[in-house]
4 protein chains.
Amino acid sequence: MAVVTRETSGVFAIAPTPFDDRGDIDYSSLGRLIDFYERTGVTGLTVLGQLGEAPKLSHTESVSVVSYVLGKTTLPVVVGVSAPGFAPMRSLAQEVMAAGAAGVMVAPPNTLRTDDQIVSYYQGAAAAVGPETPLVLQDYPLSFSVVMTPSVIARIARDIPSCVMLKHEDWPGLDKITTLRHLEANQDMPRLSILCGNGGLFLDFETERGADGAMTGYCFPELLVDVVARTAAGRREDSHDLFDAHLPLLRYEQQPGIGLAVRKYVFKRRGLLASDAQRAPSGVLSEHTRSEVDYLLERLARRDPRVVLVA
Amino acid sequence: MAVVTRETSGVFAIAPTPFDDRGDIDYSSLGRLIDFYERTGVTGLTVLGQLGEAPKLSHTESVSVVSYVLGKTTLPVVVGVSAPGFAPMRSLAQEVMAAGAAGVMVAPPNTLRTDDQIVSYYQGAAAAVGPETPLVLQDYPLSFSVVMTPSVIARIARDIPSCVMLKHEDWPGLDKITTLRHLEANQDMPRLSILCGNGGLFLDFETERGADGAMTGYCFPELLVDVVARTAAGRREDSHDLFDAHLPLLRYEQQPGIGLAVRKYVFKRRGLLASDAQRAPSGVLSEHTRSEVDYLLERLARRDPRVVLVA
Amino acid sequence: MAVVTRETSGVFAIAPTPFDDRGDIDYSSLGRLIDFYERTGVTGLTVLGQLGEAPKLSHTESVSVVSYVLGKTTLPVVVGVSAPGFAPMRSLAQEVMAAGAAGVMVAPPNTLRTDDQIVSYYQGAAAAVGPETPLVLQDYPLSFSVVMTPSVIARIARDIPSCVMLKHEDWPGLDKITTLRHLEANQDMPRLSILCGNGGLFLDFETERGADGAMTGYCFPELLVDVVARTAAGRREDSHDLFDAHLPLLRYEQQPGIGLAVRKYVFKRRGLLASDAQRAPSGVLSEHTRSEVDYLLERLARRDPRVVLVA
Amino acid sequence: MAVVTRETSGVFAIAPTPFDDRGDIDYSSLGRLIDFYERTGVTGLTVLGQLGEAPKLSHTESVSVVSYVLGKTTLPVVVGVSAPGFAPMRSLAQEVMAAGAAGVMVAPPNTLRTDDQIVSYYQGAAAAVGPETPLVLQDYPLSFSVVMTPSVIARIARDIPSCVMLKHEDWPGLDKITTLRHLEANQDMPRLSILCGNGGLFLDFETERGADGAMTGYCFPELLVDVVARTAAGRREDSHDLFDAHLPLLRYEQQPGIGLAVRKYVFKRRGLLASDAQRAPSGVLSEHTRSEVDYLLERLARRDPRVVLVA
């Protein structure tokens, strides 16, 4: 089975979990979504992240979603296994790794404050998921209120051999990428694969700073793939031109609280999801908001021909 | 099956979950603990609260602990079903109510801020656990960072008929009890059973203010039972005298972060738990701390003859 | 003296406080900045906000900055008077209103949680600054951790006649504007002037939703003025076209932590500030960051001819 | 002028700021209070802390209170100079040190998260108040949300020679004292004077763990003085007996939100303050609460003959 490594690059699309209007998991939409992701050229998938509404699934449902995805694709799949305690984290991690996942991602609980608390939490998490399981460190202060300095990330990378990837979404975070790459160059820490989140809001510069790619859920993963590829090919202006065309929508989708609703709505308009329903608790998009998204899609379609919508 | 009601009074002891030194659930200690609680004269039990290390149990373990307790006692048992989403909350609530629980307790997620968010969250939770399931509202700002004014609690009590009990542990909270009882007297809200937490730190006055009793886990539930009974009997001085004798230990146990460790250690010294182990992540008591607890027990034994310890 | 009213519209530019490299206030740059703002067509100025580094000024310096600005311009000037207690808030408010300010702005202390606490805090603040002083309510949860629902804002607007303006920077906040305008239309609250912040990140839609304009500090206030004017004139596409051209830079400037540093750097490159120094504690821009800003300016210059820079 | 040093021990009483019922500073009560403190045998005083309502004073008032206190007593006086920026911190520190203060105390802003941020903030603060000014580090996570590990405190102690004292009020914090004393013994950090806060709630054990005394504002400073002295004299049981007699009141006073109101009320009942008024924003004690304090005083009077009250 393919696993994520320190050298992994490209785009891992964070997949939403499709529900039907009664709140049941919609596997047929999920299947369509996976076929779509494969066509876009993403490198891998991430499931059961926050934006996959993981906390709203029962354990049985979580395992079922992962099994379905692993059975459907040969892409490497990272699974979010964050949990309030190590026991449920361990049991989910063991099941999904046995089923063929490529690694697990763990977010820090928002009670962590000091550097030592953070390092020690990840040591516990790594022990819980097992030393053979590739671990993705999720650094997202805006959402988790846990702030990791580059030196803490370096400590984690040194102390925990199974930690091979950083999901980077500190904000501002560009200098953090540069600093981490310097620490690696000076052999102060082993290399980490750095994939960036934040909805892609800074991907144009993150790739230039040395990130290996993106792990996020923007509703046009094609854009993420292209920006990573163009930067890698040295086509700076091309990369920014395309990025800037998407930025108005990307920014709109990145609003906390309604971002996932926007994303599901666009996926529905792209013909991928049968419904844009979320499980409670969730926000719903007002008519006004939907019409703004429609307007942004309309404007985007003039600049990116891949914007093809269903009624 | 007995369920909790708006008139429930007395002491609900919050039971810790005993583990052996390998981290497995120790059902033999759990059985001993339940027998002990019954002897102390508590009115009921609460399991799977935060201090029952609920988030560290897998779903299967949670259900197993509840089944064991319900099979072992005829006391009413409240079960903590807090969860990051309503789907896992619903499935746990349904299982434990079917097994004979007396009600479920729900803590607010720490992202709630406004009055409307709080009310709407509890509406969702009540719908999730089902309209027939007695719901205990947990009001604990120090731990959850969610502040509920008396008027919000009144709105919840009015809007959600199944919400019959308040686990009160706001701090300071004495005037809050008085205010809620006034609102009830003025028919601005239906009566709630009010059981107080905070480790019992203000139970001497809370009972005088109109609370119906305590729901907390102090390592001498006998003290809680006596204070509630003496206040109810109008024996104010007697109640305070006994309370004050326990206050040095009670205060020591109430330290956030190590409170549960102190509690388990005392239960071990009382011969109830085979081990005071907690599941990770957890603190451990230093030798110094244990000797301070021993000293407090020694001093307490001079004033309360029920303090009998094993080596 | 002009004061802000419920009907105020347009753009209030939030002015940074210029320092020289020794950390002293640079009045000559401040003067140049004010002349520049007047040329851009802004409606008013805001000084001593967070981005004016107000907390880093002594009381004497604060009063001196305000006096200088008021002496230099005839534009209405809103002054930030947030303070940890009402006594220093009162004394600053009295001095600046006596000197000719157009109103004062008050941010909520981050300890406020409940609706009642928020309303009661603003009642105290309004009493402190005096019933004749126009009060601007600052709604910025991302920075202050205080969440105000539309109904709380409506209560404040009803209870406090001197509160005439909302500085709106909730995020997401578009539906909030719509809801507030509905409440006003239904006469559930008096009209408030709504000026939007958040660096302008959603100004394209905020103006369409009914906001009266912007109060923010983006380094090209010309853009803010144009978007407000074009939306008001019904030139939707024109408004979005210009907005989208600025969005890459606007988004870059809006990063918490370094936003002010970027803004001062651009003002320096526009020839307005002699130095981009901030007072401690502050971040400094890395060389890498500066070169990214330069690149964004270069790209912007191709689409907006007003981008003229000095070496 | 006496300054605080690494060897300072005993009790620094945190003095409240007396106001009359119109909210003006009541210097006559302040004078009476200082005379009283001198009679109790405290080692020093602390003014303009949070419980001195410092943020509610204007700069002029702050300086005036400090001057009055310094003119009235020969006890060393520590002054709280916490401020949102270094410029006002510097100006207050310079004025009070010139007037004869014994040192300054600085609380961390609640935005600090990482170890590096904390250390760097205190480096900035030490530079602001001047290298000759003894600096007291305030470690109070419950109130400030900033968590300092022993290793961070050790870094601060090593990096900042002027930092000579720790105001310790972490909770739980007993092992922290032990750890810091070990670090000192191993020469991993220079010695700090450790004075404990938290209203004295753990002073019985803190002194046994190696703290040098207390810096807090309990309404019977005599108790603090006695506990420190008895522990120092090896009279363990005596120390705990007296401490336990005060614990019911001490615990009551330590409630966040109303603690200062209780304290001022008791000082009024002790004939020291003419009024227990606080400046807004503040809570007021309900009649019910006052009667509970009266009851606790009554009970305490039976065990400590120094409890003498006025009507």
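Helices (H or I, at least four residues) and strands (E, at least two) are taken here as DSSP runs, numbered from the N terminus. The model is a predicted one, so to speak of a local feature takes a pLDDT of at least 70, side-chain atom pairs count only at pLDDT 80 or more, and totals for chains, interfaces and linings use all residues. Residues are numbered from 1 along each chain as its sequence is written, chains are lettered from A and ligands numbered from 1 in the order in which they are written, and side-chain values use heavy atoms, with hydrogens and water left out.

Most residues other than glycine have a negative phi, and most peptide bonds are trans. As for the peptide bonds, the one joining B:Trp171 and B:Pro172 is cis, with omega at about 5 degrees. B:Pro172 belongs to the loop that runs between strand S6 (163–168) and helix H7 (174–185) of chain B. In chain D, a cis bond likewise links D:Trp171 to D:Pro172, again with omega at about 5 degrees, and D:Pro172 lies in the loop between strand S6 (163–168) and helix H7 (174–185) of that chain.

On to how the copies are arranged. Two copies of a chain are related by a rotation about an axis and a shift along it. Superposition is by least squares on the C-alpha atoms of residues with pLDDT of at least 70 in both copies. Chain C goes onto chain B in like fashion, by a rotation of 180 degrees and a shift of 0.0 Å along the axis, with an RMSD of 0.0 Å. Here 100% of the interface residues of chain C are also interface residues in chain B, so these copies meet through the same surface.

The interface of chain A with chain C brings 35 residues of chain A into contact with 35 residues of chain C. Buried area is the accessible area (1.4 Å probe) that two parts lose on being put together, summed over both. For chains A and C it comes to about 3200 Å², with carbon and sulfur atoms giving 55%. On the chain A side, A:Trp171, A:Arg251 and A:Tyr295 lose the most area to chain C, together 20% of what that side buries.

Inside the chains, helix packing is described with axes, which are lines fitted to C-alpha atoms (for helices, over the stretch in contact), and with angles that run from 0 to 180 degrees between N-to-C directions. In chain B, the axes of helix H10 (residues 236–253) and helix H12 (residues 287–301) come within 9 Å and cross at roughly 165 degrees. H10(B) and H12(B) are therefore roughly antiparallel; angles under 35 degrees count as roughly parallel, over 145 as roughly antiparallel, 65 to 115 as roughly perpendicular and the rest as oblique. From H10(B), B:Ala245, B:His246, B:Pro248, B:Leu249, B:Arg251 and B:Tyr252 meet B:Thr289, B:Glu292, B:Val293, B:Leu296, B:Leu297 and B:Leu300 of H12(B). By class, the residues of this contact split into eight nonpolar, two polar and two charged; Ala, Val, Leu, Ile, Met, Phe, Trp, Tyr, Cys and Pro count as nonpolar, Asp, Glu, Lys and Arg as charged, and the others, Gly among them, as polar.

In chain C, helix H2 (residues 59–72) packs on helix H3 (residues 86–99) at about 20 degrees, with the axes 10 Å apart. H2(C) and H3(C) are therefore roughly parallel. C:His59, C:Ser62, C:Val63, C:Val66 and C:Leu70 of H2(C) make the contact with C:Ser91, C:Leu92, C:Glu95, C:Val96 and C:Ala99 of H3(C).

Conventions: Contact means heavy atoms within 4.5 Å.
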